Amino acid sequence: MPEQIVILDFGAQYTQVIARRVRECNVYSTILRYDTPAKQIAAMAPKGLILSGGPASVYAPDAPLPDRGIFKLGVPILGICFGVQILGQFLGGKVEKGAKREFGKGTLTVKSRRCPLFRNLPAQLQVWNSHGDKLTRLPRGFVAVATSDNSDYAAIEHPQKKFFGVQFHPEVAHTPRGKEILANFVRGVCGCGREWTMRNYIDQAIEAIRTQVGRERVILGLSGGVDSSVAAALLHKAIGDQLTCIFVNNGLLRAREAEVVREVFGRHFRIKLQYEDARALFLKRLKGVTEPERKRKVIGRTFIEVFDAAMKRVGHAKFLAQGTLYPDVIESVPIAGNPAALIKSHHNVGGLPKRMKFKLVEPLKCLFKDEVRELGLELGLPKEIVYRQPFPGPGLAVRCLGEVTPAKLQVLRRADAIVVEEMKACGLYYKTWQTFAVLLPVRSVGVQGDERTYDWTLAIRAVESQDGMTADWVKLPYDLLEKISLRITNEVRGLNRVVLDLTSKPPGTIEWE
């Protein structure tokens with residue numbers, strides 16, 4: 001097991017961000033509930049602890065409080081926002097409601113340049129605050145090392161015990177030098193090296209997969225998306241022909257998607273790939289269906305049916321592999337007012353029923369998305385797959401508004417391919433969260449080739465996001481939009497009008513259905 005930093009989650013909105021920032025320092029991080037027993041933490045042999053922020057007040061009767069034993073583990077501790085208040089409350093200081101709250105951008109003035117947290121940083125820093133309570137008396141042994149406009153104890157240190165606290169959030173992008181503060185803690189104070197790399201992880205993961213699987217067979221549902229593709233490549237490197245991947249072509253895929261998957265995994269990696277051509281079945285089941293939620297249910301049920309039949313043809317297998325990521329397995333801490341507990345991902349359809357009795361293999365379950373992409377490149381997957389944009393589980397069915405027909409899918413698929421081609425040509429595709437086309441159930445009058453037309457309307461959707469939970473529309477260059485519109489109306493029969501979606505999330509969603 002590599003060196004690690006343990007993060008105790010007190011219900012913060014940014015706990016996963018803290019974990020990612022630590023890993024960006026090439027140091028492994030693990031998130032645990034705030035009330036994890038100190039003995040359990042000690043058994044993990046962490047090099048240091050980070051106490052996250054949270055929505056509660058430490059002096060409230062129902063405040064989330066840690067095991068007091070964490071302060072006797074003999075490892076450095078960094079408290080962030082609510083975390084610094086935990087230090088004050090438990091170690092003899094005092095926390096009170098502030099006369100005024102600090103939210104948003106602020107200025108931190110560093111008073112002690114000897115404090116290792118601020119090594120090689122300027123005396124004044126822009127930071128991001130989000131708190132109403134504050135320390136009003138320091139615990140014994142602590143000294144103030146930085147102040148803000150609203151607090152004399154914006155950063156504190158116990159030099160002998162190597163306990164630190166900051167009232168601001170170093171993990172967020174709005175604290176521009178925050179990553180350096182965290183790096184100073186995990187590497188300078190805790191003494192961690194740079195052991196956490198995807199190249200090292202591959203060796204550890206292969207050993208773990210082989211130990212778990214033994215000589216048994218493994219089945220993986222390969223969608224062609226980033227997560228399942230990287231999981232397939234990693235499993236194949238570990239167990240070779242013991243892995244069989246099942247790829248279901250539901251007829252709702254993007255242009256060349258099935259072709260790319262069969263080329264990369266079947267012919268290049270030589271993975272056992274069972275290709276299920278179920279296009280006719282899916283489209284038959286979708287005939288006449290216009291309501292979005294019913295579309296999803298039809299596609300989900302049909303997928304399970306097709307996948308179940310495919311597994312029977314594969315033969316006996318003891319394990320089912322999934323591309324589960326770390327954010328999927330971290331439990332939200334159920335604390336009243338916790339923003340993180342209210343944010344739920346929109347899961348893709350195709351979840352397998354409980355009656356399928358398999359043991360799970362989840363080789364990516366300790367990785368974040370950016371780490372999965374890095375791992376994919378290390379395993380030799382092409383950039384086209386590793387950095388492809390997110391795609392909904394129901395596929396083009398939710399981008400073809402109204403009834404889904406073969407003719408409408410053909411129009412949408414070709415138009416969408418043009419959007420992607422032009423985004424890649426101008427270097428914007430891999431810099432944008434999602435860019436795609438939506439076929440609207442709207443016909444309008446047009447003039448093409450001196451003839452009157454009455455054809456479909458296409459919407460272009462381009463958004464920027466960090467996690468898909470919120471998003472802003474992207475201001476694409478006018479010349480790019482003009483080129484996309486001209487190509488679509490000239491090259492795709494059935495379309496005579498192109499419009500641009502200028503809606504953020506909220507109030508809209510990224511997908512139209």
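Modeller: Gladly! Contact here means heavy atoms within 4.5 Å, and helices (H or I, at least four residues) and strands (E, at least two) are DSSP runs, numbered from the N terminus. This is a predicted model, in which local features need pLDDT of at least 70, side-chain atom pairs count only at pLDDT 80 or more, and totals for chains, interfaces and linings use all residues. Residues are numbered from 1 along each chain as its sequence is written, and side-chain values use heavy atoms, leaving out hydrogens and water.

Start with helix 5 (residues 198-213), which packs with helix 12 (residues 369-378) at an angle of about 80 degrees, their axes 9 Å apart (axes are lines fitted to C-alpha atoms over the stretch in contact, and angles run from 0 to 180 degrees between N-to-C directions). Helix 5 and helix 12 are therefore roughly perpendicular (65 to 115 degrees). On the helix 5 side, M198, R199, Y201 and I202 meet E371, E374, L375 and E378 of helix 12. By class, this contact has 4 nonpolar, no polar and 4 charged residues (Ala, Val, Leu, Ile, Met, Phe, Trp, Tyr, Cys and Pro count as nonpolar, Asp, Glu, Lys and Arg as charged, the others, Gly among them, as polar).

Now turn to helix 14 (residues 406-425). After helix 14 comes G427, with a positive phi near 80 degrees.

Methods:
Parallel < 35°, antiparallel > 145°, perpendicular 65-115°, else oblique.
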